[in-house]
Amino acid sequence: MMHPSEFIQIRNFLDGEWQDSEQREQMPLYDPSTGKQIGQVPLSTQQDSTAAIESCHEAYGTWRCASVAKRAAFIFDMRQAMKDNHEDLAQSIALDQAKHISEARGEVQRVIQILETASGIPTLMQGETVDNIAGNIVGRVIKQPLGVFCGVAPFNFPALVFGWFIPFCIGTGNTMVFKPSPLSPYFMQKMGAIFNDIGLPPGVINIINGDHVPTLSWYDDPRVAGICMVGSSPTAKKIAEAAGKAGKRTMLLGGAKNYLVVMEDVQMDIWIEDFIHSCYGSAGQRCLSGSIVAIHEDVHDQVLEKIVEASRKVTYGSAMDPEVYMGPVISAEARDRINGMIEIGRLEDRATLVLDGRDPDMPPDIKDGYYVAPTIFSDVTADMQIARTEIFGPVVSVMKFSNLDDILANIQAQPVGNGACIFTQNLYYTEKFIADANVGMVGVNVGVPAPHPYLPFGGIKDSLIGTNKVQGKDGIDFFTQNKIATVRFSPPSAGRHRADIRTKAAGPQSSDTRSCVPD
Ligand code: NAD
C-alpha cells in the first residue's frame, strides 16, 4: 500500500511497459477522505490512444490464435494474483475512490468471482451444431473474437468494471484498450503490475488515462471493433451516437434511479438492514443504490420512523477507518451538487427534509474531505426533481402509497430502468412486481439486486444503451461474433466408403449409431 507521503504518479501502460507521464498535461488526484492531493493523472491525447490501439492490434494477431485453454489459464493466474494482493488492491480503491475499506474488499472479492466465471470461457464460448440438416449437411455456429475493443470505466467501480469487460474480452481472444475514470485510476495501476507478473503478452491489455479526449480517436479507427462503457446515461448516449455512426458495436451501461418498495407485510429486520446497505453503502454512489423508498400507507409512519432512527446511527468518516460505515463522496463537485439537490428538494420541490446531512461536523484531520451524511426527505411525489434526478449520494426520498399499481406506474414512467426492489412476503405482490417493474434487475427482499457473475448484469431503457448486458453469456456474446458454417460432405469416391460405414454401423453397439448419411 502507498505510504501517505508517497506521491502517486499515474502512468499509461502500453505494450507491457509504463509510459513516462511527465510530458503530458496532468490533472490532480485527490483522496476524497481528506481532500488532499495524493497524486496526478496524465491527460492522454488522441495520439496516445492511437498508439494503444496499434499495440492491441499487433497483439491480437497472436493472442487470438493462442489456445482457448491458454487464454483461460491467464485469467486464472490473474484471479490468483488478485487473491494474493487482495488487501493492497482493496486499499487502492479505498484511497482514491474512497469506497469504505470493507466494501472495497467486497468489490475485489466480487471481481475474483467474475474471474472464476470467466475462467470457464472454453465452455462458455462454445458454439452450436445442427447435425443432419440434410442427409450430408451439417450446420455449425462458431463464436470468434473480433479484434480490438475499447472500454471506459466510471469512478464508482474501478475494479468491478475491469471485471465486467477485460476477462470476457481477452478470454474470448480479443485485446483491449481500457480507460479508467480519472477520479479513481489507482486500482488499474496495480492491475498493470499484475498483468506483467503473470506474463500476459504485451499489448493484450493497454491502459490509458485521462478524460474523454483519448476516446475520440476510437470511433474512426477501423481496427476498433467495439466500445464498452459504464457511466452516466448522457455519456452512454454520446458514445452510442458516435459509435453508431462509425458502425461499431457497443455495450453501454448508464445511470439509474432505483425504487425500494415496502409493502404492509414487510419483515422489518431484513428491511432495515437492506435499507442501510442499499441507500448508504458506497455513500449512495452505486448504480443499484436505493434512492426512492416507497412505503405502503399502512406502515408508512412506522417505517419512516425506523429508517430515520437507523439513518441517524450511520457512522461516517475516512474510507480507511474500520470503525465507520460510510466514506465520503468522490469529489468536492459531487458534494456541492448533492447539497444543491437537497436545497432544490427543500425549496423548489417543497418535500419535507426529515434528516439533513449537509456539511456534517468532521474531526480536524478529515475536515476537508467531501462528506455528506445520511439525508431523508418525506412527502415526496414522482413529479419532484429529487424523485426524477439521479442524485448519486446518500439522499433518500420517501413516498407514501396505497396501491402497488401506482408505484409500478411510477417505475414504468421512469426514463431509466436499472434496478427496483420489493419487500414483502406476499407471492402475488412478488410476482406482479417481477412482471411489471420495467427495470433490468429486480430484487425481492434484497436491497441491492446485483446478479452473480454467472448471470448478466444491466438495466433497460436509458440504463442500458444497446442490447448487451455485462458478464454471463451476454458478455460472451458481446465480445464474439457468430460465424455460421454450412458443410456438405460426400465420400471421396462412390461405393467403397459407404459399404464401410454400413458394416461398422451394423456391428454390436451400446447405442444405435446407424448412419443417416445417404447412400
Ligand atoms: P461519467 O459518465 O461522468 O464518466 C464515465 C466515464 O466516461 C469516465 O471514465 C469519463 O472520463 C468518461 N467520459 C466522460 N465523458 C465522455 C465522453 N463524452 N466520451 C467518452 N468517455 C467519456 O460517469 P461517472 O460519474 O464516472 O459514474 C457515475 C455514473 O455511472 C452514474 O450515472 C451511475 O449510475 C453510472 N453507473 C452505472 C452502472 C450500471 O451498471 N448501469 C454502474 C456504475 C456506474
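**Close-up views of the ligand site and an aromatic pair**

View 1. A polar side-chain atom of glutamate 390 sits 2.6 Å from a ligand oxygen atom, a polar contact here being a pair of N or O atoms within 3.5 Å. Of the ligand's own 840 Å² of accessible area, the protein covers 86% (Shrake-Rupley method, 1.4 Å probe). Please keep in mind that this is a predicted model, in which local features need pLDDT of at least 70 and side-chain atom pairs count only at pLDDT 80 or more, while totals for chains, interfaces and linings use all residues. Residues are numbered from 1 along each chain as its sequence is written, and side-chain values use heavy atoms, with hydrogens and water left out.

View 2. For alanine 153, a polar backbone atom is 2.7 Å from an oxygen atom of the ligand.

**View 3. The shell around the ligand.** There are 27 residues around the ligand (a heavy atom within 4 Å), and Ala153, Ser232, Thr235, Gly254 and Glu390 come nearest. Helix H8, residues 233-246, gives the most to this shell, with three residues (helices are DSSP runs of H or I, at least four residues, numbered from the N terminus).

**View 4. An aromatic pair within helix H9.** Tryptophan 271 and phenylalanine 275 lie four residues apart in helix H9 (residues 268-280), about one turn of the helix. The whole structure holds 15 aromatic pairs (ring centres of Phe, Tyr or Trp, the latter by its six-membered ring, within 6.5 Å; planes under 30 degrees apart are stacked, over 60 edge-to-face, the rest tilted). The rings of tryptophan 271 and phenylalanine 275 have centres 5.5 Å apart and planes at 45 degrees, so this pair is tilted.

Note on methods. Polar contact = N/O pair within 3.5 Å; in protein donor to acceptor, adjacent residues only side chain to side chain. Helix = DSSP H or I, 4+ residues; strand = E, 2+ residues; numbered from the N terminus.
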